[in-house]
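Here is a friendly walk through one protein model, meant to be read with the structure open beside you.

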Amino acid sequence: MIRVVVVDDEALVRSGFELILNASDGIQVVATAQGAQAADLIQREQPDVVLLDIRMPDVDGLTVLREIQTLPEPPTVAMLTTFDTDEYIVTALRSGAAGFLLKDTEPEQLAHLVRTLAAGGVVLSPKASRALLRSHPGSGAPQDADVARVNLLSDRERDVLV
């Protein structure tokens, strides 16, 4: 059983994710929380996967992510957001996130993404993938020809590539 914690400041989002994931075989949402309670809850529940909102009014998700990474056995974390700005994607990944999902992810894809995270994979929404390629946190900017070729890919082709 994959144990999941959902952290978001909006009760409707938490409830929606919980309903979708609990309806999936082999996945159980063991707790949901707002940002301020997240780190303590995650330490207590010891989930396999955390879906963590990046923007919350009481504490931002990047701060919670950094706290989670200090745990002896930190869970796999995917950041959730309605925004796909480059700075958040790169910062979240550099801070230890294993994924970056936009909240407009199709519900039927959510369980698959959680299973991928639990298995040690990395998941990025297509929009996040494009932003990551634009900002390329590695040793330098990608070559213009490479960017042009990637830009020719469909969203599905980017999903497969990721």
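Just after H2, glutamine 46 takes a positive phi of about 50 degrees. Please keep in mind that this is a predicted model. Most residues other than glycine have a negative phi. Glutamine 46 is not a glycine, yet its phi is positive. The residue is found in the loop between H2 and S3. Is glutamine 46 buried or exposed? With a relative accessible area of 61%, glutamine 46 is exposed, because exposed means over 50%.

The buried residues of H2 are Gly35, Ala38, Ala39, Leu41 and Ile42. What covers them? The cover over these buried residues includes S1, S2, S3 and H3.

**The nonpolar cores**

Ile42 also turns up in the largest nonpolar core, which has 26 residues. Together with Val7, Val50, Leu52, Ile68, Met79 and Phe100, Ile42 is among the residues that touch the most other members of this core. Which elements give two or more residues to the core? They are strands S1 (2-7), S2 (27-33), S3 (49-53), S4 (76-81) and S5 (99-102), along with helices H2 (35-45), H3 (61-69) and H4 (86-94). The largest share, four residues, comes from H3.

Not counting residues up to four places away in sequence, valine 7 touches Ala33, Gln34, Gly35, Ala38, Ile42, Val50, Leu51, Leu52, Asp53 and Met56. Gly35, Ala38 and Ile42 in that list are also buried residues of H2. A second, separate core has 20 residues, including Val6, Ala98, Leu113 and Val123.

Phenylalanine 17 is found in helix H1 (residues 11-22). This residue is buried, because its relative accessible area of 12% falls under 20%. Which residues does phenylalanine 17 touch, not counting residues up to four places away in sequence? Its contacts are Val6, Val29, Leu51, Leu80 and Leu110. Leucine 110 is 93 residues away from phenylalanine 17 in sequence, yet their C-alpha atoms are 8.3 Å apart in space.

Leucine 19 is found in helix H1 as well. Leucine 19 and valine 29 are 10 residues apart in sequence and 8.6 Å apart in space, C-alpha to C-alpha.

Serine 24 lies in the loop between H1 and S2. Its relative accessible area is 17%, so serine 24 counts as buried, the cut-off being under 20%. Leaving aside neighbours within four places in sequence, serine 24 is in contact with Ala111 and Arg115.

**The pockets**

| Pocket | Volume | Lining by class |
|---|---|---|
| Largest pocket | about 550 Å³ | nine nonpolar, five polar and seven charged residues |
| Second largest pocket | about 180 Å³ | five nonpolar, two polar and one charged residues |

Rolling a probe the size of a water molecule over the atoms shows where empty space is left.

**The whole chain**

Stepping back, the protein has eight helices and six strands. From the N terminus on, these elements run β-α-β-α-β-α-β-α-β-α-β-α-α-α. Of its 162 residues, 41% count as buried. Among contacts between residues at least 6 apart in sequence, 64% join residues at least 24 apart. The accessible surface comes to about 8500 Å², and carbon and sulfur atoms account for 50% of that.

Technical notes. Residues are numbered from 1 along each chain as its sequence is written. This is a predicted model: local features need pLDDT of at least 70, side-chain atom pairs count only at pLDDT 80 or more; totals for chains, interfaces and linings use all residues. Side-chain values use heavy atoms; hydrogens and water are left out. A nonpolar core is a set of buried Ala, Val, Leu, Ile, Met, Phe, Trp, Tyr and Cys residues joined through side-chain atoms within 4.5 Å. Buried means under 20% relative accessible area, exposed over 50%, partly exposed in between (1.4 Å probe, protein chains only). Contact means heavy atoms within 4.5 Å. On a 1 Å grid over the protein atoms alone, a cavity is a set of points where a 1.4 Å probe fits but cannot get out, and a pocket is an open set with protein on both sides within 12 Å along at least five of seven lines; lining residues have an atom within 4 Å of a point. Grid points are joined across faces, edges and corners, and a volume is the space filled by probe spheres set on the points. Ala, Val, Leu, Ile, Met, Phe, Trp, Tyr, Cys and Pro count as nonpolar, Asp, Glu, Lys and Arg as charged, and the others, Gly among them, as polar. Accessible areas come from the Shrake-Rupley method with a 1.4 Å probe; for residues, only the protein chains shown count as cover.
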